[in-house]
Structures are given as C-alpha cells and as structure tokens.
Amino acid sequence: MERSNDTYIDVGKRLKRFLEEMNVSVADLSAVTKISEKRINEIIDAKGRKMTIPELVVLQERTLISADYLAGTTDFPFPFEPTEDNKRRFADELNKILKK
C-alpha cells in the first residue's frame with residue numbers, strides 16, 4: 001500500500017455542522033483557537049487548502065471537538081457521550097473561555 005504525503009484533511013462540512021449544532025460563531029471559534037476567521041471560513045467553504053494537522057490539533061485541544069468526528073470516523077463530535085447535558089456543559093466552558 002502506497003502512503004500519501006498529503007498532510008491535509010477536509011473537515012469543512014463537519015466543522016460547519018458542529019458550529020451550527022452548538023450555536024457557536026466563526027468569530028467565537030477564532031477567539032478560542034487563534035485561527036483567523038478568514039481561515040476558518042476557507043476551511044468551512046472548502047476554498048483554498050484544507051485544514052492542516054497542526055490546525056486540527058489546536059482545534060481539538062482548545063474546543064474538545066473530536067478529531068475522529070472531524071475526520072468522519074464517528075458521528076459524535078465530543079470525546080464523551082453526546083448527551084444534552086454534555087452539550088450544555090461544553091457551551092458553558094466555551095463561554096468561559098471567550099470571557100477571559
């Protein structure tokens with residue numbers, strides 16, 4: 001099996017769905033991740049290059065979005081059970097980060 005040197009993954013659709021489901025704006029995500037709004041919109045709209053592995057790592061570390069979810073290997077965006085309580089807890093934690 002030949003290995004690809006491609007270090008990008010296409011996560012735009014899943015990232016957009018996550019933002020919509022969690023009622024998080026691109027501006028909020030940018031504030032938390034320090035990835036520019038322009039770059040996040042490029043990723044979501046599939047314009048320009050796809051998300052890099054370092055961007056994926058930052059996104060996962062600062063938001064708790066599962067890399068497996070973004071890569072399309074699971075339908076659960078969190079590394080924990082996607083209950084309403086956990087979604088609410090995530091939204092609360094995100095708001096705390098944004099207020100700092």
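Me: Why is Thr33 called buried?

Reply: This is a predicted model, in which local features need pLDDT of at least 70, side-chain atom pairs count only at pLDDT 80 or more, and totals for chains, interfaces and linings use all residues. Residues are numbered from 1 along each chain as its sequence is written, and side-chain values use heavy atoms, with hydrogens and water left out. Buried means under 20% relative accessible area, exposed over 50% and partly exposed in between, with a 1.4 Å probe and protein chains only. Thr33 has a relative accessible area of 2%, and is therefore buried.

Me: What does Thr33 touch, beyond residues up to four places away in sequence?

Reply: Thr33 touches Ile40, Val58, Leu59, Arg62 and Thr63; a contact means heavy atoms within 4.5 Å.

Me: Which helix holds Thr33?

Reply: Thr33 lies in helix H2, residues 26-33. Helices (H or I, at least four residues) and strands (E, at least two) are DSSP runs, numbered from the N terminus. The protein has 6 helices and 2 strands.

Me: What makes the buried residues of H4 lie on the same side?

Reply: In helix H4, residues 53-63, the buried residues are Glu55, Leu56, Leu59 and Thr63. They cover an arc of only 100 degrees around the axis, so they are on the same side of H4; the arc is that of the directions from the helix axis to the C-beta atoms.

Me: Which exposed residues does the face of H4 turned away from its buried side carry?

Reply: That face carries Pro54 and Glu61.
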